[in-house]
Amino acid sequence: MEVAVAPGRSHGRGLRLVRSRSLLLAGLVVGVGLLLLAMLASILFGAAEIGPGTVWAALVAFDDSTDHLIIRTLRIPRALVAAAVGAALAVAGGVMQGLTRNPMADPGLLGIEAGAALAVVAAVHLLGVGSLALYAWFAFAGAGLAAAAVSALGSAGRGGPTPLKLTIAGAALAALVSSLTTAILILDQRTLEQVRFWLAGSVAGRDLDLLAQVAPYLAVGLVVALALGRQITTLALGEDVARGLGQRTGRVKAAAALAVVLLAGGSVAVAGPIGFVGLVVPHVARFLVGGDYRWLLPYAALLGGTFLVLADVLARLVLRPQELPVGVMTALVGGPFFVALVRWRVRR
Amino acid sequence: MTGGYRGLSPLLLAVVLAVASGGWGASAARQATPAADCRVVAHELGEACVPLDPRRVVVLDRFPLDSALAVGVRPVGVPTLDNPSSYLAPPVVGIAENGTESEPNIEQIAALKPDLIIGSVAQLAEIGDKLSRLAPVVAIDDGDSGAWKRVHAQVADALGRADEGERVMAAYQARLDAFKARMGARLGETEVSVIRPRDGGIRLYGRTYFSGTVLEDAGLPRPPSQDVEEEEPLDISKELIGQADGDVIFVWSFSPEEREELAKIADDPLWAKLGAVRDGRVYEVGEHWYGGGPLAANAVLDDLFLHLLGEGA
């Protein structure tokens, strides 16, 4: 019976749950079940009152009525997008936290969200871009460029890319980039009008076409991240420890950064910048399974998808018939939750 | 903070500081003494002694600008209109710009040597005091787009053209009567829906919005979702798109970029389900439906004549 040990001492004296492998696998299955339940809730509840019978009919006996169209063209894509983006962001956040050995890390640390926002705002301001699909590509490009810039900045000087340098470089670049974004938005009222909703992060109105286009990148990022589980666990023990154990830390870091850019960049491209998922969900996963990233990342993926789907359901029900952007909901729910989590861990 | 909001917190702080540093409110009850060459006009932030025949009028806000143009005044300074296809763009070609509506540029205003400045309460609360050293300042409360008739009367009065202002409104009323006469029995049976697709949902405009007042003047009924006295538009989820239906739908957009978004709506199968869409009675109209004064109202009437009666303006 293999025992999964949590080497996460550096993360504070968190509860270390020693679990058997079969228990962990069972947990994954439960996680999948929870995710599917959440998606079901997302399809059943919304601004329009649609009964479960109609929902079922929409899936198996489609008759082109308004209700069926709502289910198929609005709610199902939305649930899928939320699940995919939530999973991607959570895994990206987990990888970032392992990579930088910083429990407060999230994909935004590499400047990904800020870079994407600037790219979209600049595209609207300079080129008059108007459609979500085009936003997506600019967002992805901006995310990639920002991550490259942060990595380059963080690697300059002696010692290569250390977590501290990466963090500082990321914070500095994000501040610079978001001040540029704010400058454009102040000067150009029209751009502000157009993008402010996108900037809040939302899964509304994202159709399956958009998701399908971004899905390959998300999939590759996910595979790379999961494959790096063992290496990230070792890296999280410390740079010297990892090198001492024979790991090629440079390569691992590069591959991990690539995974983060693909996952977080793809998520921002589809849904705009959504915060707190990458920050909070890995901690919940860590609480459940410890610091072994081979398990932490898959759990984070399932929990992240469930979390974002449920946040989206709440966002639609809280101010009926209006809809809040899901990015607002994740902050509202994730913020207090994170405060509680941090205080709990510090106290222990 | 993550999630793209990082850049906004310094902005919010700056706003709070700016508001807290006080405005014109303290000297709101500014008295004005009448003199031979000016008359006292009471306005939202006090009184001003406006010239009897203003020659160099600077207007800071688009709603009063509409009314000023309607009574035949050509200002020497207008706010920057960031929409080139605005209905206000043609009449103000060649006029100097004095900053945006959200940030009037005091230096540019001073350079224009105005003898009367007209702006909104929102703009003048902060800078009205400074501007009043350049010229008499009249502050109009134009926050409520449905109250455009009052705004028009106030602007006309400040410009010393109250009679002309009334003539403009009488002409508008005459057009309304002609419209109602020509619609005849169809008038009561043509429900007009006014919407704007925005932010992944649909925005509905009620009776007391600018466009709503013109429609009400014209005697046109509204669908139940829009038969409300809300000054602000109602945002609904796309799932409730049925509420956007009517006998006729006017879809208005604020800018060319928004018009591109509209083109995509046409492909949406949920949109195709609406009765008005199936009957082909959906009309795209411009930003004069957002509001203004008599010029905008007449432009809206033009759209009504064109689309509901098939008569070119």
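The contact between the two chains takes 39 residues from chain A and 31 residues from chain B, where contact means heavy atoms within 4.5 Å. This is a predicted model, in which local features need pLDDT of at least 70, side-chain atom pairs count only at pLDDT 80 or more, and totals for chains, interfaces and linings use all residues. Residues are numbered from 1 along each chain as its sequence is written, chains are lettered from A and ligands numbered from 1 in the order in which they are written, and side-chain values use heavy atoms, with hydrogens and water left out.

**Interface**

About 2900 Å² is buried between chain A and chain B, and carbon and sulfur atoms give 55% of this area. Buried area here is the accessible area (1.4 Å probe) that two parts lose on being put together, summed over both. Three salt bridges are counted between chain A and chain B; a salt bridge is a side-chain nitrogen of Lys or Arg within 4 Å of a carboxyl oxygen of Asp or Glu. In one salt bridge, K273(B) pairs with D64(A), with 3.8 Å between the closest N and O atoms. Four residue pairs, both members at pLDDT 80 or more, are in polar contact between chain A and chain B. A polar contact is a pair of N or O atoms within 3.5 Å; within protein, one must be able to donate a hydrogen and the other to accept it, and residues adjacent in sequence count only if both atoms are side-chain atoms.

On the side of chain A that touches chain B, α3 (66-100), α6 (163-187) and α7 (189-199) of chain A each supply at least two residues. The largest share, seven residues, comes from α7(A). Helices (H or I, at least four residues) and strands (E, at least two) are DSSP runs, numbered from the N terminus. By class, this side of chain A has 16 nonpolar, 14 polar and nine charged residues. Ala, Val, Leu, Ile, Met, Phe, Trp, Tyr, Cys and Pro count as nonpolar, Asp, Glu, Lys and Arg as charged, and the others, Gly among them, as polar.

**Salt bridges**

Over all chains the count comes to 21 salt bridges. A network of salt bridges links R75(A), R78(A), D312(A), R316(A), E323(A) and E239(B). Three further pairs are listed below.

| Salt bridge | Closest N and O atoms |
|---|---|
| D292(A) and R294(A) | 2.9 Å |
| D53(B) and R55(B) | 2.8 Å |

Buried means under 20% relative accessible area, exposed over 50%, and partly exposed in between (1.4 Å probe, protein chains only). D292(A) is buried at 6%, while R294(A) is partly exposed at 33%. D53(B) is partly exposed at 43%, and R55(B) is exposed at 61%. E216(B) is partly exposed, with 45% relative accessibility.

**Chain B and confidence**

Chain B has 11 helices and 12 strands. Of its 313 residues, 51% count as buried. Among contacts in chain B between residues at least 6 apart in sequence, 61% join residues at least 24 apart.

The mean pLDDT of chain B is 84, and 87% of its residues reach 70 or more; pLDDT is the predictor's confidence in each residue, from 0 to 100. Over residues 22-29 of chain B the pLDDT is below 50, and this stretch has 13 contacts in the model beyond near neighbours in sequence. For the complex, the predictor gives an ipTM of 0.72 and a pTM of 0.80.
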